Amino acid sequence: FIGVNGVRKSTNLAKVAFMLKNAGFSVMLAACDVFRAGAVEQLKVHGANIDISVFDRGYKEEPPEVAYQAIKEVNFK
């Protein structure tokens with residue numbers, strides 16, 4: 001999901017993830033927004049509210065690396 005700050009990307013991502021979960025898909029969110037303060041925590045709260053796991057590495061890695069690790073995690077399971 002791409003957009004300027006404050007357009008509810010995280011909220012809409014959680015809504016789509018919840019819809020997919022309810023449709024029978026296995027869903028995991030990847031917290032790749034490592035630039036905005038609180039972004040990882042916000043996605044974790046959304047994930048906890050809809051009972052979907054969130055893959056994160058905090059704020060120490062580059063977004064593509066977090067995404068790559070998340071994909072490896074999914075393929076592993």
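In which helix is Glu73 found? Glu73 belongs to helix 3, which covers residues 63-76. The structure discussed here is a predicted model, and the values below are computed from it.

Leaving aside residues up to four places away in sequence, Glu73 touches Met28 and Phe55. Its C-alpha atom lies 15 Å from that of Pro63, a residue ten positions away in sequence.

**Packing of helix 1 and helix 2**

Two packed helices are described by the angle between their axes and the distance between the axes. For helix 1 (residues 9-22) and helix 2 (residues 39-49), the angle is about 30° and the axes are 10 Å apart. Helix 1 is therefore roughly parallel to helix 2, because angles under 35 degrees fall in that class. The crossing of helix 1 and helix 2 is right-handed. On the side of helix 1, the contact is made by Ser10, Thr11, Leu13 and Ala14, while helix 2 contributes Gln42, Leu43 and His46.

One of the contact residues of helix 1 is Thr11. Thr11 has a relative accessibility of 14% and therefore counts as buried. Between the C-alpha atoms of Thr11 and Leu29 the distance is 12 Å, with 18 residues separating the two in sequence.

**The nonpolar core**

Which residues form the largest nonpolar core? This core has nine residues, namely Ala14, Ala17, Leu29, Ala31, Val40, Leu43, Ile50, Ile52 and Val54. Helix 1 and helix 2 are the elements that give two or more residues to this core. Ala14 and Leu43, both members of the core, also take part in the contact between helix 1 and helix 2.

Leu29, another core member, lies in strand 1 (residues 28-30). Is Leu29 buried or exposed? Its relative accessibility is 4%, and Leu29 therefore counts as buried. Beyond residues up to four places away in sequence, Leu29 touches Leu13, Ala17, Leu43, Gly47, Ile52, Ser53, Val54 and Phe55.

With residues up to four places away in sequence not counted, Ile50 touches Ala14, Ala17, Phe18 and Lys21.

**Lys44 in helix 2**

Lys44 lies in helix 2. Its relative accessibility is 39%, so Lys44 counts as partly exposed. Apart from residues up to four places away in sequence, Lys44 touches Val54 and Asp56. Lys44 and Asp56 are twelve residues apart in sequence, and their C-alpha atoms are 8.7 Å apart in space.

The C-alpha separations given above are collected in the following table.

| Residue pair | Separation in sequence | C-alpha to C-alpha distance |
|---|---|---|
| Thr11 and Leu29 | 18 residues | 12 Å |
| Lys44 and Asp56 | twelve residues | 8.7 Å |
| Glu73 and Pro63 | ten residues | 15 Å |

**Positive phi values**

Where does Arg8 lie? Arg8 is located in the segment before helix 1. Although it is not a glycine, Arg8 has a positive phi of about 70°. The relative accessible area of Arg8 is 56%, and this residue is therefore exposed.

Asp51 likewise is not a glycine and has a positive phi, here of about 60°. Asp51 lies in the loop between helix 2 and strand 2 (53-55). With a relative accessible area of 61%, Asp51 is exposed.

Notes. Residues are numbered from 1 along each chain as its sequence is written. This is a predicted model: local features need pLDDT of at least 70, side-chain atom pairs count only at pLDDT 80 or more; totals for chains, interfaces and linings use all residues. Side-chain values use heavy atoms; hydrogens and water are left out. Axes are lines fitted to C-alpha atoms, for helices over the stretch in contact, and angles run from 0 to 180 degrees between N-to-C directions. Helices (H or I, at least four residues) and strands (E, at least two) are DSSP runs, numbered from the N terminus. Angles under 35 degrees count as roughly parallel, over 145 as roughly antiparallel, 65 to 115 as roughly perpendicular and the rest as oblique. A crossing is left-handed if the near helix is turned anticlockwise from the far one by less than a right angle, and right-handed if clockwise. Contact means heavy atoms within 4.5 Å. A nonpolar core is a set of buried Ala, Val, Leu, Ile, Met, Phe, Trp, Tyr and Cys residues joined through side-chain atoms within 4.5 Å. Buried means under 20% relative accessible area, exposed over 50%, partly exposed in between (1.4 Å probe, protein chains only).
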